[in-house]
Amino acid sequence: MISPLEFSYTTRKNWLQNVGSDTYDLVVIGGGITGAGIALDASSRGLKVLLLEKNDFASGTSSKSTKLIHGGLRYLKQMDFLLVREVGTERAVVHRLAPHLVIPEKMLLPLIEDGTYGKWLTSIGLKVYDLLAQVEGEDQRKMLSAEEASQKEPLLPKTILKGAGYYAEYRTDDARLTIEILKTGLHYELKALNYTMATGFLYTNGRISGVRIKDMLSGSEHEVKSRCVVNAAGPWVDEVRTRNNRIQGKSLHLTKGVHLVFPHAKLPVKQAVYFDAPDGRMIFAIPRGLITYVGTTDTNFTGDPDKVAPQREDAQYLLDAVNRMFDAVHLKLDDIESSWAGLRPLIHEEGKSPSELSRKDEIFISDSGLISIAGGKLTGYRKMAERVVNKVVARLPGNYGACKTETISLLGGSFQNYQEVKAFKKSLESQLKTMGLDRDTANHLAHTYGKQSDEILKRMEEESSNNPQLRLLLAELKFTLAYELVLHPLDFLIRRSSRMYFHMESVRRYHREITREILRENSSLPWSNDEINKDIEKEITLLGEFYKTH
Ligand code: FAD
């Protein structure tokens, strides 16, 4: 296994101290999946790369998706065959690069009386989907009878169930995928700074020759020289383009998507289901350990992208859809345990509604040489990166060769195949049992950190608490402080461990210990214990408590 390299507060401080004295081949603005993918591709081709993220890595859309590596079945309806083929085939590639983090997830598409899809259309659609994505063997779609569908998912409404399509997708953790890509990039000399904003550009003879940056922790400002600059700022792409010149040509169209998290006992689906909402849109219900999450909405967003939050009407829309499909469950706002809301950075097309807008990516190059990329999917990050970096290297002197990320396994993912991941999980399970921890913990560790779980177990043995949950939490935290540039508890709770979405109980119980440990480790961080605890409590309210009606 390739070991993670140090990626800590100290690493960041040293990099920032020297950032003005180097000249980079490429500066990437934006530390979501798009920017991370570009940074890994470029650095692995031999470019000297710096990535800037104004908040935490993956704090934009790349921690707020449905967390599927999927071909986008519904894009078939829009006749977007090229998109379906590209992202469909990419699924298997990304699974191979990180089999612990991109895991097979069979989907059930129920056919119900008066539903959007009939049996033949579904059968043909799924067949085309398999063909475009080159799905083979056992993973190819099956059409199920009503009885078979009901066996797979007993919660489906038996009286109106006509059958189901059953097909293969993959589930992931978007923020972890982003961080593992960045950590892998460090092995190719990539430098990546979170809490560092690109505030403007440097020019030589009218061409961009660098960026002005601001360290959001200390307020210090620096100038960074770079031969090329890529804007991968997701929903902020147009804002960054405006800092360069007036926007020419196409612009962004932001749409908001909300997900809700319920205790699994309240929505006890046995498996992932992709079903109709009353307005004909499609919704996912995905079981994940102790919870089930449901999403998503798709509505126009014209507010401030820094302030996107779920609203009660978003939640009500999803509750109505779930309660209608699974008629034995009666979910209420009070049942919501957590939630998240994200923005799709799509390309505007006149007269199209949010769900009709294409998910294709596009590259814009300004007269001054700023390369911006928008649109696209989490699933297609590697191909998007390849297209952008091809444009970058075409502008640089020298010969950098072709993209090779198809062969670069991500950190934590050095497994031959998914069978090995399963065997690893089994061995983790027996080790954890002796420490008083259960199978869910083994799942969490294996699918979050992969092989790096061994390092976390080692650190767990050094913890003195009698409480195994707390020992594990502190070991995870210390691992992420050393190797994943955690600076604020929310970096850890939301984007490194996903606990704020999928294990809120542990956040409520232990967040004070986490804050204390982060401040003990990095005493010069510019926030106080009280401020941090207020930030966490605000987030707990925003994501969960806010919906409670009592
Ligand atoms: P972001 O993740 O938003 O990253 C951009 C980053 O740039 C941000 O972190 C921001 O802080 C930073 N930034 C902005 N301005 C500056 C600046 N001046 N200086 C430095 N940094 C800056 N795709 C799938 O494949 N599968 C799915 O299941 C799926 N589900 C989705 C569900 C929803 C609700 C949504 C909204 C999207 C979904 N997508 C899915 C699409 C996918 O999530 C996005 O395409 C992808 O995450 C976009 O990543 P990004 O890096 O372009 O943007």
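A cavity, on a 1 Å grid over the protein atoms alone, is a set of points where a 1.4 Å probe fits but cannot get out; lining residues have an atom within 4 Å of a point.

**Ground rules.** I am working with a predicted model: local features need pLDDT of at least 70, side-chain atom pairs count only at pLDDT 80 or more, and totals for chains, interfaces and linings use all residues. Residues are numbered from 1 along each chain as its sequence is written, and side-chain values use heavy atoms, with hydrogens and water left out.

**Cavities.** The structure holds 3 cavities of 30 Å³ or more. About 50 Å³ lies in the largest cavity (grid points are joined across faces, edges and corners, and a volume is the space filled by probe spheres set on the points). I listed its lining: Gly37, Leu40, Asp41, Leu97, Tyr381, Arg382, Ala385, Thr405 and Leu410. Helices H2 (33-44) and H9 (381-395) each supply at least two of the lining residues (helices are DSSP runs of H or I with at least four residues, strands are runs of E with at least two, numbered from the N terminus). By class, the lining has 5 nonpolar, 2 polar and 2 charged residues (Ala, Val, Leu, Ile, Met, Phe, Trp, Tyr, Cys and Pro count as nonpolar, Asp, Glu, Lys and Arg as charged, and the others, Gly among them, as polar).

**Second largest pocket.** I turned to open space next (a pocket is an open set with protein on both sides within 12 Å along at least five of seven lines). The volume of the second largest pocket is about 1,100 Å³. I found 39 lining residues, with Arg171, Gly289, Asn443, His444 and His447 nearest the centre. Elements giving two or more residues include strand E4 (103-112), strand E13 (282-288) and helix H10 (418-433). Helix H11 gives the most, with 8 residues. The lining divides into 11 nonpolar, 16 polar and 12 charged residues.

**H11 and H12.** I followed H11 to its packing against H12 (453-461): the axes come within 9 Å and cross at roughly 125° (axes are lines fitted to C-alpha atoms, for helices over the stretch in contact, and angles run from 0 to 180 degrees between N-to-C directions). That makes H11 oblique to H12 (under 35 degrees is roughly parallel, over 145 roughly antiparallel, 65 to 115 roughly perpendicular, the rest oblique). Leu445, Ala446 and Tyr449 of H11 meet Ser453, Ile456 and Leu457 of H12 (contact means heavy atoms within 4.5 Å). I counted 5 nonpolar, 1 polar and no charged residues there.

**H17 and its partners.** The axes of H16 (504-521) and H17 (529-543) come within 10 Å and cross at roughly 160°. That makes H16 roughly antiparallel to H17. The contact includes Met504, Val507 and Arg508 of H16 and Asn529, Ile532 and Asn533 of H17. Its classes are 7 nonpolar, 4 polar and 4 charged.

I then checked H14 (489-496) against H17: the angle is about 30° and the axes are 10 Å apart. That makes H14 roughly parallel to H17. Pro489, Leu490, Leu493 and Ile494 of H14 touch Ile532, Asp535, Ile536 and Glu539 of H17. This contact has 6 nonpolar, no polar and 2 charged residues.

**Backbone.** Most residues other than glycine have a negative phi, and most peptide bonds are trans. I noted that the bond from Gly295 to Thr296 is cis, with omega near 20°. Thr296 sits in the loop between strands E14 (291-295) and E15 (299-300). Glu189 has a positive phi of about 70°. Glu189 is in the loop between helix H6 (174-186) and strand E7 (191-193).
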